[in-house]
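Here is a short report on one chain. It covers salt bridges first, then a sheet.

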Amino acid sequence: MEAEVARLRDELSKKEQEVERLRAVSAHLQQNSYSGNMFALVKQLTEVPPLEEKSLSKEEIMRYSRQLIIPELGVKGRLGLLDYDDVELSNLQRQVLHAEDKVGMSKALSAATTINRLNSNVECIPYHFQLNYKNAKQLIQQYDIVVDCSDNVPTRFLVNDACVLSGKPLVSASALRMEGQLTVYNYNGGPCYRCLYPKPPPAETVTNCSDGGVLGVVPGILGCIQALEVLKIASGIGSSYSQQMLIFDALEARFRTIKLRPKQPTCAVCGENPTVKELIDYERFCGSAATDQCRTLHLLTGEQRVTVQEYKQLLDQDVPHVLVDVRPQVEVDICHLPHSIYVPLAKLEEKNAEYVKLLQNNINLSRKEAAADIVTFPVYVICKQGNDSQKAVKLLQEILDNELCSLSVKDIQGGLMAWARKIDPTFPQY
Ligand SMILES: [Zn+2]
């Protein structure tokens, strides 16, 4: 009993310390006036005190002794962490700074808390807002090295241009499925991101409801190498990845490095006659949103779409129809509506004869079973979030051209995730 009380006391004391730490970080956030407008915020943030040349304490020397004895490494540093988003359960599989008890908390604050728990001597500044063309330069100017871990094209262009205009090296990495890539831009006369990608890709090609996912360990490996490159740049050793791209193939567990093309004299931002001298609206420039959320496409008119509520009503009334699920197989394996038939978007795009036949057979069969008075037989298309389904409706209109007068092809707005949110809470969200 006494042992139990002692254990609980100990636990309580630890929790109290944790509350104190959170209060301190939260006070810091409030000092920086998160309720104020972005300019005020950034202006105040630009006023963080300059880094002191301080010596390490005895404890710090002990802690970092194995690193300090490497002659190239020094002792000062400040970490700014920027993320506009909050921690979600689906982040935890790969974003290991966040823990279960931080779900719902600002990611910047959650990461700062974890780092401070690992080491209370690290100066961490969390920034909980979205980086944009109005605030990026002021923020980036305060730091020596910028690390891009973002997942969308507008942010990559924004961060690149802000780094070029502020003369900062950019350590950039990305991961998708079983592969990761890393490059250091705007460093030591090497190319910037725009030198390699002068124009953003068409918005449709990056707007996809099935973004492929990522194996949790892949961003972890790339993140570690990013941290290594930051240390090397900060200490003056120099990075190995200027004009080089590291590619990590998790399937083969292999790294390879490819040489990239050099800095381009014609580059719009770092070239000889730059046309980009100030930051621009990158969401407009790229035609897509600077978030990891799926951008909503508007390919179809209102008459070509139904809501999940309308579709539920059709089901309740037993209206004969065919439901076509166009997601990739792996996602259909996670969850699907039992009465749907499966025709992946990729097969529609290549007008795959086998799948077109399967679709036509299903429509003909269901139509035969249906009452004879149906003039236009309904076909509904569903995907994860309602973008691919619109593309599929467009494709089906081409593929089923001859039969279109007797068919009505529509998509279900918001897809299966809207179904899960609004109709069936037991349906999995992924
Ligand atoms: Zn460039």
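Glu123 is partly exposed, at 32% relative accessibility. Arg78 is buried, with a relative accessible area of 18%. (Buried means under 20% relative accessible area, exposed over 50%, partly exposed in between, with a 1.4 Å probe and protein chains only.) The two side chains form a salt bridge, 3.0 Å from N to O. A salt bridge here is a side-chain nitrogen of Lys or Arg within 4 Å of a carboxyl oxygen of Asp or Glu. The pair links distant parts of the chain, 45 residues apart. Glu123 sits in the loop between helix H5 (107-118) and strand E2 (124-127). Arg78 lies in the loop between helix H4 (65-68) and strand E1 (79-82). Helices (H or I, at least four residues) and strands (E, at least two) are DSSP runs, numbered from the N terminus.

## Basis of the model

This is a predicted model: local features need pLDDT of at least 70, side-chain atom pairs count only at pLDDT 80 or more, and totals for chains, interfaces and linings use all residues. Residues are numbered from 1 along each chain as its sequence is written, and side-chain values use heavy atoms, leaving out hydrogens and water.

## Buried pairs

The salt bridge count comes to 13. One of them joins Glu229 and Lys232 at 2.9 Å, N to O. Both residues are buried. They are three residues apart in helix H10 (residues 217-235), so about one helical turn separates them.

## The sheet

Five strands form an open sheet in the order E8-E12-E11-E9-E10, with parallel pairing. Strands pair if DSSP finds at least two bridges between them. Strands E8 (305-306) and E10 (341-342) are the edges.
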